[in-house]
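Subject: Structure handover

Hi,

Here is the structure for you to look through. Please open it first, then read my notes below.

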Amino acid sequence: MALSDRSRESLLPSFLYSTAAARPSFSGATRFPAAAPVVVGGGDAPFTIQAPKEKIEMYSPAFYAACTAGGIASCGLTHTAVTPLDLVKCNMQIDPAKYKSITSGFGVLAKEQGVRGFFRGWVPTLLGYSAQGACKFGFYEFFKKYYSDIAGPEYAHKYKTLIYLAGSASAEVIADVALCPFEAVKVRVQTQPGFARGLGDGLPKFIKSEGALGLYKGIVPLWGRQIPYTMMKFASFETIVELIYKHAVPIPKSDCSKEFQLGISFAGGYIAGVFCAIVSHPADNLVSFLNNAKGATVGDAVKKLGLWGLFTRGLPLRIVMIGTLTGAQWGIYDAFKVMVGLPTTGGVTPAPPSASDEKLKATGA
């Protein structure tokens, strides 16, 4: 049965839109026209998500709200979907003698806990990474604009990679404060059978055992894992997507279909994810080790795992997981932006006019 137009439009979050009279005006803000409808599925009666009738101003509160909502969907859904892979990875890091490989790890879990055990810890995963995604993407867009304005058009274009790196690092510092308590409970639930069934009983047990501040015991290694990861995720994605549109796509981005642009977003995200996994993996091993063992220190982790183990233990699985995860995250994030009438992320950035060009223009030459 086909959905009514009203039902389709209800899929879009109404809080993103307000009347033109009520919406504040921002100097230098750009308005983008409403996007074309996004068609999902095939057959004679495809499910069409209607584009919003109102417009979202770039860098307005509605724009940042849309990016925040897109980040929630992007990170929360994807991390929850790969919970089984994350569960095996964490156990390989904590108990390599028992979980010797990816295949044997799944076998051990299936034998000891059944199929339901593959999704142990999914609630703290969903809530934690939804909160992280909201801050990661929302604040990235904010800081990218903020630092670009400080630098000015010429330097923002010249040093755009530094803008991406600084904006993503700033956003991740905030995002990890939101993630850390959920990550601590998730790792304990996933790596200590019998500790708790999930967040509801795991959080009180954790606080009773180590205190409320214990939830942030892993914040420094979490920053060590996530900040390099996020810097690589955003900077490499923006660079890869720009290179694809500049050298591999024969027509301008604006002439490409939305479906094609979303395909570029996924491909750029997957490639960026491989780099992310390699850069952040040692700290990922530290986070798993510290959150699993009460009173453990970084020195204990290095002593037990060794430097080689810190860099390599569980890395192949994490490359597969993070590559797929990052590609899917950028695909979902940009699909959400398209759905609410915004352009996809990245592309060829035109160079701003130089000072000499401005002078010639001012003199009428």
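Asp284 is buried, at 2% relative accessible area. (Buried means under 20%, exposed over 50%, partly exposed in between, with a 1.4 Å probe and protein chains only.) Arg318 is buried too, at 3%. Asp284 and Arg318 form a salt bridge, with their closest N and O atoms 3.4 Å apart. (A salt bridge is a side-chain nitrogen of Lys or Arg within 4 Å of a carboxyl oxygen of Asp or Glu.) Asp284 sits in helix H10 and Arg318 in helix H12, so the pair ties together parts 34 residues apart in sequence. (Helices are DSSP runs of H or I, at least four residues, numbered from the N terminus.) Salt bridges with shared partners join Asp86, Glu183, Lys186, Arg225, Asp284 and Arg318 into one network.

Before you go on: this is a predicted model, where local features need pLDDT of at least 70, side-chain atom pairs count only at pLDDT 80 or more, and totals for chains, interfaces and linings use all residues. Residues are numbered from 1 along each chain as its sequence is written, and side-chain values use heavy atoms, without hydrogens and water.

The structure holds 16 salt bridges. Glu183 and Lys186 make one of them, at 3.9 Å from N to O. They lie three residues apart in helix H7, about one helical turn. Glu183 is buried at 4%, and Lys186 is buried at 1%. Lys144 and Glu141 make another, at 3.8 Å. Both belong to helix H5, again three residues apart.

Next, the cavity. (On a 1 Å grid over the protein atoms alone, a cavity is a set of points where a 1.4 Å probe fits but cannot get out; lining residues have an atom within 4 Å of a point.) There is one cavity of 30 Å³ or more. The largest cavity holds about 200 Å³ of space. (Points are joined across faces, edges and corners, and the volume is the space filled by probe spheres set on them.) Its lining has 24 residues, and His79, Tyr129, Arg225, Met321 and Ile322 lie nearest the centre. Which helix gives the most to this lining? H12 does, with five residues.

Last, the surface. Phe139, Phe142, Tyr146, Ile150, Val173 and Ile174 make a nonpolar patch of about 500 Å². (Patch residues have over 30% relative accessible area and no salt bridge; nonpolar side chains, meaning Val, Leu, Ile, Met, Phe, Trp and Tyr, are joined within 5 Å, like charges within 9 Å.) H5 supplies the largest share, four residues. Phe142 is partly exposed, at 35%.

Best wishes

Conventions:
On a 1 Å grid over the protein atoms alone, a cavity is a set of points where a 1.4 Å probe fits but cannot get out, and a pocket is an open set with protein on both sides within 12 Å along at least five of seven lines; lining residues have an atom within 4 Å of a point. Helices (H or I, at least four residues) and strands (E, at least two) are DSSP runs, numbered from the N terminus. Accessible areas come from the Shrake-Rupley method with a 1.4 Å probe; for residues, only the protein chains shown count as cover.
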